[in-house]
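Please read it beside the sequence and the coordinates.

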Amino acid sequence: MSILVSSDSSQVQSQAAAWRHGEYKIPGGKLVVVDLRVAQGRLADVQLSGDFFLEPPEALDVINAALTGLPCDVGAAALEAAVRAALGPDVEMYGITVEGVAVVVQRALA
Amino acid sequence: MSGDPKRSDWADHDWQLIHDAPQMPLQHMALDQVLLEEVAAGRRAPTLRIWEWAAPAVVIGIFQSLKNEVDAEAANRYGIQVVRRISGGGAMFIEPGNTITYSIYAPESLVAGMSFREAYAYMDAFVLQALGELGIKAWYQPLNDITSEGGKIGGAAQARRGGAVLHHVTMAYDIDAAKMLQVLRIGREKLSDKGIESAAKRVDPLHGQTGLPRETIIGRMVDTFRRRNGLSPSAVSPAELAAAERLIREKFGTEAWRAKVP
């Protein structure tokens, strides 16, 4: 590794957006957590987590993908609509809600 | 609860009991998937499995973030293995002899037409009865807790796959709450709607409530299940064991799975 390369990579790191973290305990439900970044005004690297239940489990990736790329100022209604549209009718949520997902994303952005 | 024509009754099934010698945390994770798939495929009759732990563990839910839930340095210091299970729900802090853990593998017909809320309580009715027979006043606290006047006793999680349902539960028999709080990160937000300050205070282990040996409580649970539903002795088959070993190599033992949600 040359000094030039390492200084390049640190420059890239400093340009990468910081991680943002949000947590929301859904009243009567479970804890929903999100880690994400904002890149060029849009949600990036969205990773939802928590102690909720989802069937099938692949629905988590579907929700992450539905949120990724959305403008970070769209508001709760648009966040909910994007998640709802991505989830098929067969997905079952227990302890987590579409509204709760929108709340935790907005907490991370606040 | 009645009515759904697709619903089967407990008594419609030829229930099997597996209660093996202590096994490592990864073996338990893999066996849960294998036995669920075997029941789904119709190769195994519906089964109740009592777990015995060979080593301490933190078991995190499939959707939990490894770094958010576990203090890796503390877990390492205590020699606690961190593993990820196939169901949702929260992290469990396990020390051999301190917990009572069991799984039920059943056709989904057993809970056909039920909401998740109903299905969780339904699958644990035999345990509430068994605890009641031991003088413990316990009840179901939705979404997924078994609780008592003194606090939480245990938590359940379900996973569904190919027409079968896995329902597994860990109950606290005894607990080193100080160690648990060093290893698990339990944030303020999680407790925000519980109206209490401390996660340790939420748990009221069975030993303190009854003074009974752990084996006595397990024996009563098995006995109650047998009286309600019938129960024949069974064991993990060589093919099931081989499938579990393969899953440990290819899935549960890999960092890709353990840090699936980093």
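## Basis of the description

Helices (H or I, at least four residues) and strands (E, at least two) are taken here as DSSP runs, numbered from the N terminus. The model is predicted, so that local features need pLDDT of at least 70 and side-chain atom pairs count only at pLDDT 80 or more, whereas totals for chains, interfaces and linings use all residues. Residues are numbered from 1 along each chain as its sequence is written, chains are lettered from A and ligands numbered from 1 in the order in which they are written, and side-chain values use heavy atoms, with hydrogens and water left out.

## Salt bridges

With a salt bridge defined as a side-chain nitrogen of Lys or Arg within 4 Å of a carboxyl oxygen of Asp or Glu, the count over all chains is 17. One of them pairs B:D32 with B:R49, whose closest N and O atoms are 3.4 Å apart. This pair links distant parts of the chain, since B:D32 belongs to helix α1 (residues 25-40) of chain B and B:R49 to strand β2 (residues 47-51) of chain B, 17 residues apart. Both B:D32 and B:R49 are buried, where buried means under 20% relative accessible area, exposed over 50%, and partly exposed in between (1.4 Å probe, protein chains only).

A network of salt bridges links B:E133, B:R220, B:D223 and B:R227. Within this group, the side chains of B:E133 and B:R220 meet at 3.1 Å, N to O; because B:E133 lies in helix α5 (residues 125-133) of chain B and B:R220 in helix α8 (residues 214-229) of chain B, the pair ties together parts that are 87 residues apart in sequence. The salt bridge between B:R227 and B:D223, at 3.3 Å from N to O, instead lies within helix α8 of chain B, where the two residues are 4 residues apart, about one turn of the helix.

## The largest pocket

Rolling a probe the size of a water molecule over the atoms shows where empty space is left. On a 1 Å grid over the protein atoms alone, a cavity is a set of points where a 1.4 Å probe fits but cannot get out, while a pocket is an open set with protein on both sides within 12 Å along at least five of seven lines, and lining residues have an atom within 4 Å of a point. Grid points are joined across faces, edges and corners, and a volume is the space filled by probe spheres set on the points.

The largest pocket has a volume of about 930 Å³ and is lined by 49 residues, of which B:A91, B:D145, B:K152, B:K190 and B:R202 lie nearest its centre. Elements of both chains give two or more residues to this lining, including β1 (20-25) and β2 (31-39) of chain A and β8 (145-148) and β9 (151-161) of chain B. The largest share, 6 residues, comes from β9(B). By class, the lining has 18 nonpolar, 18 polar and 13 charged residues, with Ala, Val, Leu, Ile, Met, Phe, Trp, Tyr, Cys and Pro counted as nonpolar, Asp, Glu, Lys and Arg as charged, and the others, Gly among them, as polar.

## Cavities

There are 2 cavities of 30 Å³ or more. About 100 Å³ of space lies in the largest cavity, whose 13 lining residues include B:V59, B:R85, B:M92, B:H168 and B:T170 as those nearest its centre. Two or more residues of the lining come from each of β5, β9 and β10 of chain B, and β10(B) gives the most, with 3 residues. The lining divides into 8 nonpolar, 4 polar and 1 charged.

The second largest cavity has a volume of about 80 Å³, and of its 13 lining residues A:L54, A:E55, A:P57, B:I86 and B:A159 are the closest to its centre. Here β9(B) gives the most to the lining, with 4 residues.

## A hairpin in chain B

Strand β7 (residues 138-141) of chain B runs antiparallel to β8(B), joined to it by 4 bridges; two strands pair if DSSP finds at least two bridges between them. The hairpin between β7(B) and β8(B) passes through 3 residues, and B:Q141 has B:D145 in β8(B) as its bridge partner.
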